[in-house]
Amino acid sequence: FVPIAAQLSPEAKKGHTVGIVTTGILTGILLSRTFGGVISDSFGWRTMQLTAAVLMLIIAVISRSLLPSLPPLNEGTKYSELLKSLWNLIKQHRSLKLAITTQAFLASTLGAFWSTLAMVIASPPFNETATIAGAFGIAGAAGAIGATVFGKFADAKGPLLAIRIGCLLVTISFSVMWVLNGSLIMLAIGAMTFDLGVMAAF
């Protein structure tokens, strides 16, 4: 969805458009944790997996029907040649190197945090259920939605400052959650700030 949004958007509004689409994707991912926690506690994890499969099939059908058919930008170029061209771009553009490194670290923190959160909340001192763990998706989604302003900010001021602010927010949120690791409230605030930072830097 993000590449299509970038391709269809005017250059002056590309950052804002990509920000909206990316926020929508991440918000859906986070709120699905809330939905999944409730369904799993109520009907079991198998029901949740089946529900997810059906919903993904519906999304696939809708996307196939409604998204425009776009011609390839590099028609006639082999896929292997496109992959090789990435290495040349990395060597030529320092900003691309920085972007790849930054996004790799941000993506790893995003995966590490949300993939282990349920286990942390289910363990002492919290000992909470999957529903409570899923509710943290609401806090994360709030942060992700708030980050839509960074798309316009990147268009106006350039992406570098937005990325720096986002990385700073991620660092602050993890520091707070590490120091105050026994508080569910601080964990929720940290999740919200963390997702705000990730979305700002994306």
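Mentor: Let's start with residue classes: Ala, Val, Leu, Ile, Met, Phe, Trp, Tyr, Cys and Pro count as nonpolar, Asp, Glu, Lys and Arg as charged, and the others, Gly among them, as polar. This is a predicted model, in which local features need pLDDT of at least 70 and side-chain atom pairs count only at pLDDT 80 or more, while totals for chains, interfaces and linings use all residues. Residues are numbered from 1 along each chain as its sequence is written, and side-chain values use heavy atoms, with hydrogens and water left out.

Trainee: Thanks! How many helices and strands does the secondary structure of the protein come to?

Mentor: Helices (H or I, at least four residues) and strands (E, at least two) are DSSP runs, numbered from the N terminus. From that end on, the elements run α-α-α-α-α-α-α-α-α. The count is nine helices and zero strands.

Trainee: What share of the residues of the protein count as buried?

Mentor: Buried means under 20% relative accessible area, exposed over 50%, and partly exposed in between (1.4 Å probe, protein chains only). The C-alpha atoms fill a box of roughly 55 × 40 × 30 Å along the principal axes. Of the 202 residues, the buried share is 26%.

Trainee: Now the pockets. How many nonpolar, polar and charged residues are in the lining of the largest pocket?

Mentor: On a 1 Å grid over the protein atoms alone, a pocket is an open set of points with protein on both sides within 12 Å along at least five of seven lines, whereas a cavity is a set where a 1.4 Å probe fits but cannot get out; lining residues have an atom within 4 Å of a point. The largest pocket has 25 lining residues, with Q103, P159, I163, A201 and F202 nearest its centre. Helix 2, helix 5 (94–122), helix 7 (149–157), helix 8 (159–179) and helix 9 (184–201) each supply at least two lining residues. By class, the lining has 16 nonpolar, eight polar and one charged.

Trainee: And how much space lies in the largest pocket?

Mentor: Grid points are joined across faces, edges and corners, and a volume is the space filled by probe spheres set on the points. For the largest pocket, that gives about 540 Å³.

Trainee: Which helix gives the most to the lining of the second largest pocket?

Mentor: The second largest pocket holds about 290 Å³ of space, and among its 14 lining residues S32, R33, G36, G37 and S40 lie nearest the centre. Two or more lining residues come from each of helix 2, helix 3, helix 5 and helix 6 (130–146). With five residues, the element that gives the most is helix 2.

Trainee: Is F150 buried or exposed?

Mentor: F150 sits in helix 7, and its C-alpha atom is 16 Å from that of E11, 139 residues apart in sequence. Because its relative accessible area is 15%, F150 is buried.

Trainee: What is the separation of the C-alpha atoms of T171 and F194?

Mentor: T171 lies in helix 8 and is partly exposed, with a relative accessible area of 48%. F194 is 23 residues apart from T171 along the chain, and their C-alpha atoms are separated by 8.1 Å.

Trainee: One more: where is the place of N127?

Mentor: Phi of N127 is near 55°, a positive value in a residue other than glycine. P125, whose peptide bond from P124 is cis with omega near 5°, lies in the loop between helix 5 and helix 6. N127 is also placed in the loop between helix 5 and helix 6.
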